[in-house]
Amino acid sequence: MAIKKVGVLGCGLMGSGIAQVSAQAGYETVVREVEQKFLDKGLAGIDKSLGKFVEKGKMTAADKDACIGRLKGSTSLDDLADCDIVIEAIVENPELKKETYAALDKIVKKEAIFASNTSSLTITELSMATARPKQFVGLHFFNPVPLMKLVEVVRTILTTDAAFNEAFAFARSLGKEAVTARDNSGFIVNRLLVPYILDAIRAYEEGVGSIEDIDKAMQLGCGYPMGPFTLLDFVGLDTTYYITEVMFAEYREKRFASPPLLRKMVLAGRFGRKSGAGFYDYASGTPVPFDKRS
Ligand code: 3HC
C-alpha cells in the first residue's frame, strides 16, 4: 500500500508539527481536533511556522500556499476514514487514547496503518484497543517537529515487517532521519534523556551549581543546543513529570523517579515556557532563573 493520504489526531504542539511536515512533504493531510478553537490555534501555528521558512528563503510563498492547500482541519473522526496512515498525537492519557483508537478502528479503512506519537506509553498496550495490532507502530517525533531531524519508528512484538517498513519509509519521506526502536517505555531518546534531565534537577537540589551554571556547563561543555533546565522549560514540566510517572511505573528504577522539586514546580503551575514560567521566568522577555528571582 502506498501512503497518499495522512491523518493526524490532535493539533497541539506535536500534532500540528506532524501535520505540517506531512503536508510539506506533499501528502494530502487531515488533522483532527476535538474542538474548533484548538484546531484554529494549531493551524495558526502551522501558518506562522511556514511563514518563518518563507521569510528565511527556505520556502517560496507559492509552496507555502500549496502546503496549506493540502492540509484540512476537521473536528470529526469520520474525515479520517480513507487515510492510509493515521498518527495520533493527543494528550498522554492511555484511557483516552485507547477509547479514541477503538472508535477510529471502526471508521478508518482496514488496510491503514495506525501510529502513535506517545513519549512513554507502550505501543503494544495502545494497539490492543484495535483489531489491527499487526499494523500498529510508534512514530515518535521531537519538538519542534518542523526543525528536529529524528523520528523513532517503534515496532511491537506484533507489528508485521510490511507495516513497519511502510512506516519507516514514510518517516524518511518526511525528510526525517529514522531509527528503529523497540517498544520499551521511552524508546531510545527518552530512555536516555529523562534520567539526564532528572539528574540535572537532583544536582541542583544538591547544590552542585545554579540553574544558569548547570545549563551553561552542559551547553558549552558538551555542545548541547540547550542546557537541561532550558530544555525542561521547552518540553514542559507537566509533560516531563507525566513521562517520569509512566517510566517509573514501568521500570521501578530511581533514575526515572521525579525529584521532589519537579513535582513542586508542577503543583505551583510552573509548567515552563507555555505557562510563562518554569525553571526560568519569561515575563520580562529575557529568561530569569528561578533561583535568581526577586
Ligand atoms: N518552525 C519554523 N521555524 C522555527 C520553529 C518552527 N516550529 N521553531 C523555531 N524556529 C526558528 C526560530 O524562530 C529561529 O528563527 P530566527 O533565526 O529567525 O530567530 C530558528 O528556527 C532557530 O531557532 P533558535 O534561534 O531558537 O535557535 P536554535 O539554533 O537554538 O534552534 C532548536 C532551535 C532547534 C529548538 C534548538 O535549540 C534545539 O535543537 N534544541 C533542543 C530541542 C530538543 O532537544 N528537542 C527534543 C525535546 S524532547 C522531545 O521532544 C521528546 C518528547 O517525547 C518529550
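## Basis of the description

The model is a predicted one, in which local features need pLDDT of at least 70 and side-chain atom pairs count only at pLDDT 80 or more, while totals for chains, interfaces and linings use all residues. Residues are numbered from 1 along each chain as its sequence is written, and side-chain values use heavy atoms, with hydrogens and water left out.

## Nonpolar cores

A nonpolar core is here a set of buried Ala, Val, Leu, Ile, Met, Phe, Trp, Tyr and Cys residues joined through side-chain atoms within 4.5 Å, where buried means under 20% relative accessible area, exposed over 50%, and partly exposed in between (1.4 Å probe, protein chains only). The largest such core has 36 residues, of which Val6, Ile85, Ile87, Leu139, Phe141, Val153 and Phe170 touch the most other members. At least two residues of this core come from each of β1 (5-9), α1, α2 (36-55), β4 (85-88), β5 (113-116), β6 (136-140), β7 (150-155) and α6 (161-173); helices (H or I, at least four residues) and strands (E, at least two) are DSSP runs, numbered from the N terminus. Apart from this core lies another, of 25 residues, among them Ile214, Leu232, Phe256 and Phe290.

Contact means heavy atoms within 4.5 Å. Leaving aside neighbours within four places in sequence, Ile85 is in contact with Ile3, Lys5, Val6, Gly7, Ile113, Leu139 and Phe170. Ser22, in helix α1 (residues 13-24), is buried at a relative accessible area of 1%, and, not counting residues up to four places away in sequence, Ser22 touches Val6, Tyr27, Thr29 and Leu174.

## Helix α11

In helix α11 (residues 260-267), the buried residues are Leu261, Leu262, Met265 and Val266. Seen down the axis of α11, these residues fall within an arc of 140°, so they line one face of the helix; the arc is that of the directions from the helix axis to the C-beta atoms. They pack against α7 (189-205) and α10 (237-251), whereas the face turned away from the buried side carries the exposed residues Pro260, Lys264 and Leu267.

## Aromatic pairs

Rings of Phe, Tyr and Trp (its six-membered ring) pair if their centres lie within 6.5 Å, and planes under 30 degrees apart count as stacked, over 60 as edge-to-face and the rest as tilted. The count comes to 10 aromatic pairs. One of them is the edge-to-face pair of Phe114 and Phe136, with 6.2 Å centre to centre and 80° between the planes. Phe114 lies in strand β5 and Phe136 in strand β6, so the pair ties together parts that are 22 residues apart in sequence. Both Phe114 and Phe136 are buried, and together with Tyr101 they form one aromatic cluster.

## Salt bridges

A salt bridge is a side-chain nitrogen of Lys or Arg within 4 Å of a carboxyl oxygen of Asp or Glu, and the whole structure holds 17 of them. Lys98 and Glu125 meet in one (2.8 Å, N to O), which links helix α4 (residues 94-107) with helix α5 (residues 123-127) across 27 residues. Arg155 forms a salt bridge with Asp161 (2.7 Å, N to O), and Arg155 counts as partly exposed at 25% relative accessibility.
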